[in-house]
Amino acid sequence: MCGIVGYNGSRQALPILIEGLKRLEYRGYDSAGFVLADPGDGLRAEKCAGKITCLEELIEGRKFNSTLGIAHTRWATHGEPTVVNAHPHFDSKHEIALVHNGIIENYRALKAYLESQGHAFRTETDTEVLVHLVEEYYEGDLTEAVRMALTQVEGTYGIAVICSNAQDKIVAARQGSPLVIGHGDGENFVASDVSAILGHTNRAVYLKEGEIATITAEGYEITTKEKIQCTPKVEEISWTLDMIEKGGYNHFMLKEIHEQPITLRNTIRGRLNIEEGIPRLNGLNLQYDQLRKIERIIITACGTSWHSALIGEYMIEELSRVPVEVEYASEFRYRSPIIDENTLLFVISQSGETADTLAALREAKNKGTTVLGICNVVGSSIARETDGGVYTHAGPEIGVASTKAFTSQVMVLANIAVLLGRMRQVSPVRGMELMQALDRIPEQVDQILRNEGKIKDIAGQYYQHNNFLYLGRSVNYPTALEGALKLKEISYIHAEGYPAAEMKHGPIALIDEKMPVVVIALKDPVYGKVLSNIEEVKARSGHVIAIASEGDTEIAEKVRHVIYIPETFHLFTPLLSIIPLQLLAYYIAVLRDCDIDQPRNLAKSVTVE
Ligand code: AGP
């Protein structure tokens, strides 16, 4: 949830570190800091509470001369986001500096031991024990000291360490928190995320669990904790710099909403075999006879990815009749799930690093289950540890509120549902029609985006309200949940999603003229029922904003505002109905002057349990 970047080469390190931190800021943004190895002056560090801009103000006009350094942007877990608690942290003699992502679970015991050995602690963080441990073991070999220190540690870490007595190297190590080495010419980088190094190199070496790297300007050596030499695999980064820049938009979120016609096209590229009416999902690594044997599916995920899983449940069950259970990843691992050999488990994650989802994946693998992933970030932990899966190919998602990753996940799930359906009850002709419907989705999303002005207008009328209700039924009940999550994440307005019919069992008590109710009321099998729910809201003076099917004039007479979306097969409608809800949340947050891409208290990738 925090970000790490390090540089070792012949250029000035500081501008590279600051630029890297800015690109990582979406991962954590409550405080930041850097440390440089200064040839004449030991280790020079600066830290600040707040965003990277504070750090820039702090260093403005000052001279720094160093070609080696590490930096960090923090999302606080232990200790408030103060200057003192910001990384890097130092040993007693101010000779070793360390930045850390993750949580050291046994830090209290380690701290007590180190204090008994005379170490004085300055911060409230769990991280500080690490640097004192390295100091404890340091006898002239930094890599060895880090290795020894890590043998004492329980928890998760991605770390980078430098030492004033070893100014030619950065030592980095990973356990449960990603780290990547950027391979340059006469210079090397280390980062928690490739976005920090994209402008400098497109060659990356992803550290594996338990690996320790010694990074010099000329090269790097990777060993395991047990000192076994590893052969690094240099991979090409397919993301480009323009993908992680705003490209003229005011916010990444708006850019990412607008990218959806393209990202959805990328998700289905090469996968829709329209002639045979069957999707090609080779990454699943499952033959048709294996797919036919599946008797039950469990899908586990968190947040927005969990919402896409719920939509997948409706799609897969209706098209294939295979029973699906959806479980929060954080709950899954603690309830001793029942899984047999004919149960297939899917994990869904944009980042591929969400700690709860990763833990659920590992729990299922320990039970011998085949685990498949639906993941966006290539090379991420979840992508690596699953037995197969489908990449969403949505490109880098920087806005903390997930938008394009969500629609790509739903698109993948729609393909899985059709594939499983074709193994059972869906005819080739029906399969072909469904594939054609999916093929039309990117263009239909584009059509909705062209109606942005209307949604902006509606946002203008409701942005001062403090509570919203989102209602939907069947496959659009999860869309209502996702719409409500988008609004609360970025505008801090209290919003709840509900199955429309469930409203009368409680939430109806909240409805009055101050409670806008967003209702997804499409011409689908539950249309008539949803119209009745709308009447119930109106009878209590609630203002209804309806997401309706194009051409539905009846609904326009019943509600205050209608946003139309094009027609598609009813199970695929969430791919369209979510678009106005993303835009509504976005424009409401803009009018409330919120920090849209970096909402308070949140971080893009939640790597703590
Ligand atoms: C989405 O807007 C959220 N920021 C959050 O709920 C997110 O979807 C969740 O943390 C899961 O992340 P993942 O998809 O990267 O695993």
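A salt bridge, as I use the term in these entries, is a side-chain nitrogen of Lys or Arg within 4 Å of a carboxyl oxygen of Asp or Glu.

**Entry 1: ground rules.** I am working with a predicted model, in which local features need pLDDT of at least 70 and side-chain atom pairs count only at pLDDT 80 or more, while totals for chains, interfaces and linings use all residues. Residues are numbered from 1 along each chain as its sequence is written, and side-chain values use heavy atoms, with hydrogens and water left out.

**Entry 2: salt bridges.** I looked up R265 and D439, whose side chains form a salt bridge with N and O 2.7 Å apart. R265 lies in helix α7 (residues 260-268) and D439 in helix α14 (residues 428-449), so this pair ties together parts that are 174 residues apart in sequence. For these elements I take helices (H or I, at least four residues) and strands (E, at least two) as DSSP runs, numbered from the N terminus. For accessibility I call a residue buried under 20% relative accessible area, exposed over 50%, and partly exposed in between, with a 1.4 Å probe and protein chains only. By that scale R265 is partly exposed at 28%, and D439 is partly exposed at 29%.

How many salt bridges does the structure hold? I noted 30. One of them joins the side chains of E235 and K233, at 3.9 Å from N to O; here E235 is partly exposed, with a relative accessible area of 22%, whereas K233 counts as exposed at 56%.

I then turned to E327 and R335, which form a salt bridge whose closest N and O atoms are 2.5 Å apart.

**Entry 3: the ligand.** Which residues come nearest to the ligand? Of the 14 residues around the ligand, I found that S305, S349, Q350, S351 and T354 come nearest; a residue counts as near a molecule or strand if one of its heavy atoms lies within 4 Å of it. I looked next at oxygen atoms of the ligand: one is 2.7 Å from an N or O atom in the side chain of S351, and one lies 2.8 Å from a backbone N or O atom of S402. A polar side-chain atom of E489 lies 2.7 Å from an oxygen atom of the ligand. Taken alone the ligand exposes 410 Å², and the protein buries 90% of that; such areas come from the Shrake-Rupley method with a 1.4 Å probe, and for residues only the protein chains shown count as cover.

The elements that give two or more residues to the shell around the ligand are α9 (303-320) and α16 (477-491). I recorded that α9 gives the most to this shell, with 3 residues.

**Entry 4: single residues.** I found R450 in the loop between α14 and α15 (452-462), where R450 is exposed, with a relative accessible area of 57%. The side chain of R450 makes a polar contact with the side chain of E443 at 3.3 Å. By polar contact I mean a pair of N or O atoms within 3.5 Å; within protein, one must be able to donate a hydrogen and the other to accept it, and residues adjacent in sequence count only if both atoms are side-chain atoms. R450 and H258 are 192 residues apart in sequence, and their C-alpha atoms are 9.7 Å apart in space.

V326 sits in strand β18 (residues 324-328) and is buried, with a relative accessible area of 17%. I noted that V326 and T300 are 26 residues apart in sequence and 5.8 Å apart in space, C-alpha to C-alpha.

S66, in the loop between α2 (52-59) and β4 (68-74), is buried at a relative accessible area of 3%. A polar atom of the side chain of S66 lies 2.6 Å from the backbone oxygen of A37.

The C-alpha atoms of R333 and V400 are separated by 26 Å, and the two residues are 67 residues apart along the chain.
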